[in-house]
There are 2 protein chains.
Amino acid sequence: MEQEGFSDVGVGVRGFQALRRIVRALDVHSRKLYRECNITSPQLLCLHSLEKQRDQTLSRMAVELNLSVSTMNGIVDRLEARGLVLRSRSEKDHRKVHLTITAEGTLLLSSVPELMRDSYSRAFGSLSVGEQELLTGLLVKLADRFDPVQRSTGGSPEII
Amino acid sequence: MEQEGFSDVGVGVRGFQALRRIVRALDVHSRKLYRECNITSPQLLCLHSLEKQRDQTLSRMAVELNLSVSTMNGIVDRLEARGLVLRSRSEKDHRKVHLTITAEGTLLLSSVPELMRDSYSRAFGSLSVGEQELLTGLLVKLADRFDPVQRSTGGSPEII
DNA sequence: CAGAATTGTTTCGTGTACGAATATTTGTGT
DNA sequence: ACACAAATATTCGTACACGAAACAATTCTG
């Protein structure tokens, strides 16, 4: 018990470890998705967002998916290279680049088996409703402590 | 409410979003640490483990830190390149490579400001004790649902 | 004892993820 | 009108993270 930084060492460390395991499990799931369906979780999230709202821009998507612009750019690069997404310079504002999902993109989205969509929802869904609500509340609270400047509760509901 | 996979859509999505925010905050903290102290969180975790137990091996460390062997290898590569860690082939079993922290490694560990150690413990510590225990329990439970084959509770206590 | 299976490390390729720097366009203040 | 700030996308370098494959050494087995 010589670790510092936690009021109760064991609890904090166990939680941190559990967090690492969850993150890793999500990553492993994303790789499995990539092997079997040739697309990763971040790419799927991106496509999903574009399916629901056309003419997105990089910056807006980055905010929506909680990623930096450069990360978002890389993901869109790969999607564009495969013809799943189209970039088109905006006429009104030449700084902006509109992103639209292509027919192949929509096709691919529909072809991804439901069960492969995400493992979080499956694991999360296996908890009781009370546990789900409790956990979500605590996660949001913890996230707010990390990064106070965020829309955690009052966000517009059309943003996933 | 056309998303599938959640019994209550909003709760699951909010939790997932919060999880993404937490993960990102941890990453951002690691980068800040890198800028200011020239070392990242994974490297710090690795050094910390080596300080507590000398003559570790790559595989054992990977299990302990919940990383794949190849990831662990990369981290050790960077630490070794900076002279913070030493690789030495085992005499008994020539397959194994012992990892030991060097004097510079220990020095660096002690020079990292306490507050920079980790942001998780700070955010986590700002929750009430009851919340901490509740959250940890739920995280462990969720992690178990992802990846049932893990030592979440019964592990030997010398492994952090 | 020879070959097979196992254990352990390293290498390789790819995707994520970030910040800093750059370029281009748009907006603003004087 | 012109300089300067803000917005937007892109590029670059780096670390992390994984799986597959290559490689080396040990242990098991017929």
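1. How many salt bridges does the rule find across the interface of chain A and chain B? In this model, which is predicted, the rule finds four salt bridges across that interface. One of these pairs is formed by A:Asp144 and B:Arg21, whose closest N and O atoms are 2.8 Å apart.

2. As for the extent of the interface, chain A contributes 58 residues to the contact and chain B contributes 59 residues. The two chains bury about 5900 Å² between them, and 65% of this area lies on carbon and sulfur atoms.

3. On the side of chain A that touches chain B, at least two residues each are supplied by helix H1 (9-37), helix H2 (41-52), helix H3 (58-65), helix H6 (119-125) and helix H7 (129-146) of chain A. The largest share of that side, 16 residues, comes from H1(A), and its composition by class is 26 nonpolar, 15 polar and 17 charged residues.

4. A further point concerns B:Asn66, which is placed in the loop between helix H3 (58-64) and helix H4 (69-81) of chain B. The side chain of B:Asn66 makes a polar contact with the side chain of A:Arg24, at 3.3 Å. B:Asn66 counts as buried because its relative accessible area is 5%, where the cut-off for buried is under 20%.

Terms used: Residues are numbered from 1 along each chain as its sequence is written. Chains are lettered from A and ligands numbered from 1 in the order in which they are written. This is a predicted model: local features need pLDDT of at least 70, side-chain atom pairs count only at pLDDT 80 or more; totals for chains, interfaces and linings use all residues. Side-chain values use heavy atoms; hydrogens and water are left out. Contact means heavy atoms within 4.5 Å. Buried area is the accessible area (1.4 Å probe) that two parts lose on being put together, summed over both. A salt bridge is a side-chain nitrogen of Lys or Arg within 4 Å of a carboxyl oxygen of Asp or Glu. Helices (H or I, at least four residues) and strands (E, at least two) are DSSP runs, numbered from the N terminus. Ala, Val, Leu, Ile, Met, Phe, Trp, Tyr, Cys and Pro count as nonpolar, Asp, Glu, Lys and Arg as charged, and the others, Gly among them, as polar. Buried means under 20% relative accessible area, exposed over 50%, partly exposed in between (1.4 Å probe, protein chains only). A polar contact is a pair of N or O atoms within 3.5 Å; within protein, one must be able to donate a hydrogen and the other to accept it, and residues adjacent in sequence count only if both atoms are side-chain atoms.
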